[in-house]
Amino acid sequence: MKVLVPVKRVVDYNVKVRVKADNSGVDIANVKMSMNPFCEIAVEEAVRLKEKGAATEIIAVSAGVAQCQETLRNAMAIGADRGILIETDVELQPLAVAKLLKAVVDREQPQLVILGKQAIDDDANQTGQMLAALLGWGQATFASKVEIEGNTAKVTCEVDGGLETISVKLPAIITTDLRLNEPRYATLPNIMKAKKKQLDTLKPADLGVDVTPRLTTLKVEEPPKRKGGVKVADVAALIDKLKNEAKVI
Amino acid sequence: MVRRAHHERVLMTSPNPPEMRTTVDFFLHHWLNIDSLTSRSRFEDHSRETFSAVLDTAEQIAADKYAPFNREVDNEEPRTETNQDGTLRVVLPRATHEAWAAYAGSGMLAAAQDYDLGGMQLPYVVEAAANMFFSRASISISWALLTTGNANAIMAHGTPAQKEVFAKNEFAGRWAGTMCLSEPQAGSSLSDIATRAVLDDENDSLGPRYRLFGNKTWISGGEHDVTENIVHLVLAKIPDENGKLVPGTRGISLFIVPKFLPLPVGEVARAFSPARDAGAGEGKTAVDKDSNVAFPHRHSVPPLPEGEGKTRNDVVLAGLNHKLGWRGTPNTLLNFGEGKFKPLGNAGAIGYLVGKPGDGLRCMFHMMNEARIGIGLAATMLGMAGYEASLQYAKDRKQGRPITGGSTSSPRAEKNAEQPPVALIEHADIKRMLLAQKSYCEGAMALLLYCAKLVDETHTGAEASAAEAKLLLEVLTPIAKSWPSENCLEANSLAIQIHGGYGYTRDFPVEQYWRDNRLNMIHEGTHGIQAMDLLGRKVVMEGGKGLTLLATKINDTIQKAFHIPELAEHAQSLARALQHVGAATKSAWSTGNPNEALANAVPYMQAFGHMVLAWVWLDVALALVHEARVDTRADQQVVGAGLTALSESADEARLIPAFAGTRLPADGGSFRDGKLAACRYFFAYEVPKIEAWLAVVKTRDMTCANISADAL
C-alpha cells in the first residue's frame, strides 16, 4: 500500500511572529521555518504503518517555495521513501493545495493520504476535507488512533466531548490530531540517507492546476493587548459591570 | 526514541526563542565559513543542509529530553542501593536514562565516525556545535562525551578485536565508557598512581590480558545501569621483573576493563548480528535493510541473556563522591581486583592492554585537544544558560526607578517616587553585567568553534595547513579550556547578581549553573596546570614557533581592522596587548630559571587569554562590518573574514553557492549592534586588565613563590 503524506513548511513554533508594518501579513523574512508539527505526526504515522507491514511506500509531498525541499528532506529523514515538491512562489490557499494534491493522487494512486489536521500558521483545517471531497473518498479527521484492517481503516477520531471510532473504506483520507503519536527525531544516519533519496520537482502547471488565490487578505492585525483588570467593591458592582459593560449576562 | 514533550511544545509558545542558534549559525557559516569543508572528500556528501539538520535534531532533543530535567537531576543526586550479592548499585532518575536513549539513538555518539561504523562523517566543528545545545540544556544529565572520548581512544590505539567489541558497542550507545586516571593519592600527579597490572594471558583474543589491582577515584559514570555494560579505560603500572612499579609516567599502561566480560570474539558477532538487532525493535522485521528505521529503537535492545556475556568482572563501586554541582553525573570510587568477583576463576579485574606497555598516557591523551575544547564548551554553555536566564529576568522583573535630575553645576541623582518602577534591564549597572556575560560567553563560543575547526583542519587539511593548525592548537588549547572555565564562571556569578536574593535561592536556575561551572577550572587539567603548560611548554616549544604563528594571525586581523574607522582603535589596543604578551614571555624566561618564570603562570595565562579573546572579538567585528558593507551593496558575495583565511582559497569559497544566499537574521540591526557592543565592552573593560596581570610576570615577582608555609 502506497501512502501519500503532504507536509507543509511553516514558521517554527518557537518563533514569535510579528505582523508586517503595513498589516498585509506576517513577517516571515529570515524567520526559522520547520515542518508543521501535525505534518510530522502524519509522517510518523505513515512510517509506523510501514514498520507494521501495512504500508510499502511513503511519498512525502510539499507545495510552495524551493526551500520546501528542506521540509521534504526532514520527512525523508523521519522515514518517507521519496519526495515530490510542487514548486511555486504563489501564495497557496487550502483549495489550491487540495487541487494540487488531487493531481498527485491521480498520478501516484496511493491507498491512503495522511495529512496534518491543520497547519500552525493559518490554522485553516480545510485541506484534508477538501481533498476528500475532490477525490470522492471517505475521510477520518482528527485521528488519535489508526488501524489498517484489510481494505478498511479503523480510525479513532477526536470529537467534541469524546472519541468516535469509525471505519472507512480505502482509499481514504486521514487527518492527524496531536495524540496520534509522538514523532521520532531525525537521526544523524537518517539525515544522510535522506539526502540520497529521490526528490522530484514539479510545477503547478505540470499538474494542470490553477493555484491563483481565490481569497484576498484585507488586513492582518495582532490580537488586542489584554487590558489591566479592575477591583470591584462588591458582588453588586460585579453584576452591574458584567451586565452593562461587558454585556455578558 | 520519541519526543514526549513535543505535544506540549506545540500547544504553548516556548519562553526561549532560539536566539543562540542565530549566533551559532553566524559563527559557523558567516565567520568561519565551515561550508567550505564540504569540498573535502571526507565531507563531500555534506552540505549546509545536513549541518543544519544535525543542529536541528540536537536542539530538539536538548529541549525535550535535557532542559526540562536539569533541576531534577540536581535535586535527585545519585544514590546507592545494595544488591543481593552485597555490591552497590547507583540509582538515577528516569530522565537520565531517557536523555541517554535519545542522545545515543540520534547517532550523536558516532557522528564523526565513518559511515560503515554507523557514523555520518560529520566535521568535528559541527559535532562540537551540536553538543553545545546539550551542554546548555543540562550539563550533567549525560556523560556521553566521555563515551565518545573512550571509544575514540580505542579506535586510535586498540586492536581490530577491541574496536569491534568495545568501540562499536559504545558508538551504538549500548555500552558507556569511562576514563579512570586519578587515585586517592594521585590526582593531578599521575606519575604516582599505584594500580598494578599483572599479566594473565598474553594471547587472549581481545589483546594481552592482565589482572588489575588498585583503587580509582573521580570516575564519572563509573557505575550505573543506563547501559548494558561499562567500558573502563584504566591507567595502571605493570611491575618490573622484581615486582616493583616503575616511578614516573613511563611505566604507565592503558587497559580496557569492562564491567561485564564480553563474549569470546567469534561469538560477539553472532550475539549482535543484524537478525538479533532487527528483532529487538518493534515491528522492524518487515522493513528492509536500507530503510530509515534501523536506529531509532536501538536503546530498546534487550540485555544479553543471563550467562551469555554476563561474566561480572572484579571491578566494584566503593562509593560515590558528593559534589557541589554537576550532580546528574554519578562520580564514583572504584575498587579493582579486591576479589568481590572471580572472573575466569580468579580474583583480579581483567583488563586488556591497549597499545604498548608504558605507552598509556599517550594513548589516553590521544584526543586531548578535543577533550579540552569540550570542557571549554561546557563552561561556555553554562555561562550562556546563565546569561539567557538573567537576561529574561532583567526584562521581566520591575524594580527601582530611573535616575533623574542633576546638572553640571549641581551634580546629584534623584528619583521620582511617583513613577512606576521600571524593568531591571533599564538600569545601567544591570546592562553592564549583561553585556559582560555576553562578551565572555559569545566570545568564548567563537574561540571554541574556531579551535574546533582547527581540529578538522588537522585531520582533513592540506599538509602545510594541517601542520599550521596543529601548531596553533598547541598554543590555543590551554586557553580554550581555561579561559571559559574562569570567565564564564564569572558570568554565572553576574547572572546570580542580577537576580539579587532570588538568584541565591534554588527557586531560580542560576545558582545551579554557577555550581555546575565551578568544576571546569578543576577537571581535565587544573587552571594552574594549564597555565604551566602554556608558559612552561607551549609558548617556548620549537623556539616559540607556535607563539610566532599566533602573533601572525593576530597581526592579520589587526592589519585589516586598521582600515575600518570604527575598529582602528581596537586594532591599536590589540597590537599593544600583543607586544606586552611577547615582552612578558621573554622577561619571564630571561633568567632561564623555571621557578621564576612559572611563579606567575596563572596571571600570564589570564592576560594571554584576554589577548586571544580580544583578537577573536575584533575578527568577529570585522566579519560584521564586512557583512554590513555587502548588505549595502545588495551584493551576496562570500563574506568570510580574518580568521577564516587559514584554509580558504578563493576557489574553495566559490564552490559553495549555498553560502552566498546567507544573510544576517531578521533582526539584523540589533543582532549586529549586540555583537559590536560586546566587542566594544571587551576592549573598554577587559583589555586594560592585560597589562596589570603581566606586571608581576615581567618582574618575575616572587611574593607568592617565596613566602614560607609558616607565614601563611
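Visitor: In this predicted model, which residue does the side chain of A:Lys102 meet in a salt bridge?
Guide: A salt bridge needs a side-chain nitrogen of Lys or Arg within 4 Å of a carboxyl oxygen of Asp or Glu. The side chain of A:Lys102 comes to 3.0 Å, N to O, from its partner, and both residues of the pair lie in helix α3 (residues 94-108) of chain A, four residues apart, which is about one turn of the helix. A:Lys102 is partly exposed at 26% relative accessibility, and the partner, partly exposed with 39%, is A:Asp106.

Visitor: How many residues apart in sequence are the parts that A:Lys8 and A:Asp122 tie together?
Guide: The closest N and O atoms of A:Lys8 and A:Asp122 are 3.3 Å apart, and the two form a salt bridge. A:Lys8 lies in the loop between β1 and β2 (9-11) of chain A, whereas A:Asp122 lies in the loop between β6 (112-116) and α4 (127-135), so the pair ties together parts of the chain whose separation in sequence is 114 residues.

Visitor: Are B:Glu442 and B:Lys438 buried or exposed?
Guide: These two residues form a salt bridge, with their closest N and O atoms 3.2 Å apart, and both lie in helix α13 (residues 428-460) of chain B, four residues apart. To count as buried, a residue must have under 20% relative accessible area. B:Glu442 and B:Lys438 are each placed in that class, namely buried.

Visitor: Which residues are joined into one network by salt bridges that share partners?
Guide: A search of the whole structure finds 52 salt bridges over all chains. Some of them share partners, and one network formed in this way takes in residues of chain A and chain B, namely A:Lys32, B:Arg21, B:Asp25, B:Asp56 and B:Glu59.

Visitor: How many disulfides does the structure hold over all chains?
Guide: A disulfide is a covalent bond between the sulfur atoms of two cysteines, and to be counted here the two sulfur atoms must lie within 2.5 Å. The cysteine sulfur nearest to that of B:Cys441 belongs to B:Cys488 and is 4.0 Å away, while for B:Cys451 the nearest, again that of B:Cys488, is 14 Å away. B:Cys441 counts as buried at 0% relative accessibility, and B:Cys451 likewise counts as buried at 0%. Over all chains, the number of disulfides is zero.

Visitor: Which residue of β4 in chain A stands opposite A:Val5?
Guide: Strand β1 (residues 2-6) and strand β4 (residues 57-64) of chain A pair in the parallel sense over five bridges. Within β4, the residue standing opposite A:Val5 is A:Ala60.

Visitor: Which residues make the nonpolar surface patch of about 390 Å²?
Guide: One member of the patch, A:Ile239, has its place in helix α6 (residues 235-245) of chain A. A:Ile239 has a relative accessible area of 38% and is therefore partly exposed. Together, the residues that make the patch are A:Val235, A:Ile239, A:Val248 and A:Ile249.

Methods: Residues numbered from 1 in each chain as written. Chains lettered and ligands numbered in written order. Predicted model: local features only at pLDDT ≥ 70, side-chain atom pairs only at ≥ 80, totals over all residues. Heavy atoms only, no water. Buried < 20%, exposed > 50% of the residue type's maximum accessible area, 1.4 Å probe, protein only. Patch = residues over 30% accessible without salt bridge, like charges linked within 9 Å, V, L, I, M, F, W, Y side chains within 5 Å. Areas by Shrake-Rupley, 256 points an atom, 1.4 Å probe, with all protein chains shown as cover. Helix = DSSP H or I, 4+ residues; strand = E, 2+ residues; numbered from the N terminus. Pairing = 2+ DSSP bridges.
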